[in-house]
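Grab a pencil and have a look at the model below. Try each exercise yourself before you read its solution.

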Amino acid sequence: MNRNWLYVLIGGLVEVVWVSGLKHASSWWEWLGTLLAIAASFYLIIEASKRLPVGTVYAVFTGLGTAGTVLAEMIFFHEPFAPLKVLLIALLLCGVMGLKLITDRQEEAEH
């Protein structure tokens, strides 16, 4: 994994933090942390998008954020477990991983 994909991975994980913050923040320091997480997440995605295909970066970023947010809500905020939701998230992650694999092959073929 090169540095740009690491930016996407970290940006997606930080997205989970700020999305959860948008729902659960209730004090000024929680809102400050949420705003800092938004800034960090978007900075990382913008930097990665300068060197990687934007469509794939966005798909991976949102896929990681969506899956991570659903899991975080179930694990940390006790949202009810829904097997169909988990199955659909797994399907989403399969699509995201497929996009990344295809993008890596295209990048190798171009070099």
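Here are two exercises on this predicted model, each with a worked solution.

**Exercise 1.** Work out how helix 1 runs relative to helix 2, and which residues make the contact.

*Solution.*
Step 1. Two packed helices are described by the angle between their axes and the distance between the axes.
Step 2. Find helix 2 at residues 28-49; its axis and the axis of helix 1 come within 8 Å and cross at roughly 155 degrees.
Step 3. Angles over 145 degrees count as roughly antiparallel, so helix 1 is roughly antiparallel to helix 2.
Step 4. Check the handedness: the crossing of helix 1 past helix 2 is left-handed.
Step 5. Now pick out who touches whom. Helix 1 brings residues including Tyr7, Val14, Trp18 and Leu22, while helix 2 brings, among them, Trp31, Ile38, Phe42 and Ile45.
Step 6. Sort the contact by class and you get 15 nonpolar, six polar and three charged residues.

**Exercise 2.** Describe the largest pocket: how much space does it hold, and what lines it?

*Solution.*
Step 1. Rolling a probe the size of a water molecule over the atoms shows where empty space is left.
Step 2. For the largest pocket, that space comes to about 190 Å³.
Step 3. Its lining is made of 11 residues, with Val60, Leu64, Val96, Met97 and Lys100 nearest the centre.
Step 4. Helix 1 (3-24), helix 3 (54-76) and helix 4 (83-110) each give two or more residues to this lining, and helix 4 has the largest share, with five.
Step 5. Sorted by class, the lining has 10 nonpolar residues, one charged residue and no polar ones.

Note on methods: Residues are numbered from 1 along each chain as its sequence is written. This is a predicted model: local features need pLDDT of at least 70, side-chain atom pairs count only at pLDDT 80 or more; totals for chains, interfaces and linings use all residues. Side-chain values use heavy atoms; hydrogens and water are left out. On a 1 Å grid over the protein atoms alone, a cavity is a set of points where a 1.4 Å probe fits but cannot get out, and a pocket is an open set with protein on both sides within 12 Å along at least five of seven lines; lining residues have an atom within 4 Å of a point. Grid points are joined across faces, edges and corners, and a volume is the space filled by probe spheres set on the points. Helices (H or I, at least four residues) and strands (E, at least two) are DSSP runs, numbered from the N terminus. Ala, Val, Leu, Ile, Met, Phe, Trp, Tyr, Cys and Pro count as nonpolar, Asp, Glu, Lys and Arg as charged, and the others, Gly among them, as polar. Axes are lines fitted to C-alpha atoms, for helices over the stretch in contact, and angles run from 0 to 180 degrees between N-to-C directions. Angles under 35 degrees count as roughly parallel, over 145 as roughly antiparallel, 65 to 115 as roughly perpendicular and the rest as oblique. A crossing is left-handed if the near helix is turned anticlockwise from the far one by less than a right angle, and right-handed if clockwise. Contact means heavy atoms within 4.5 Å.
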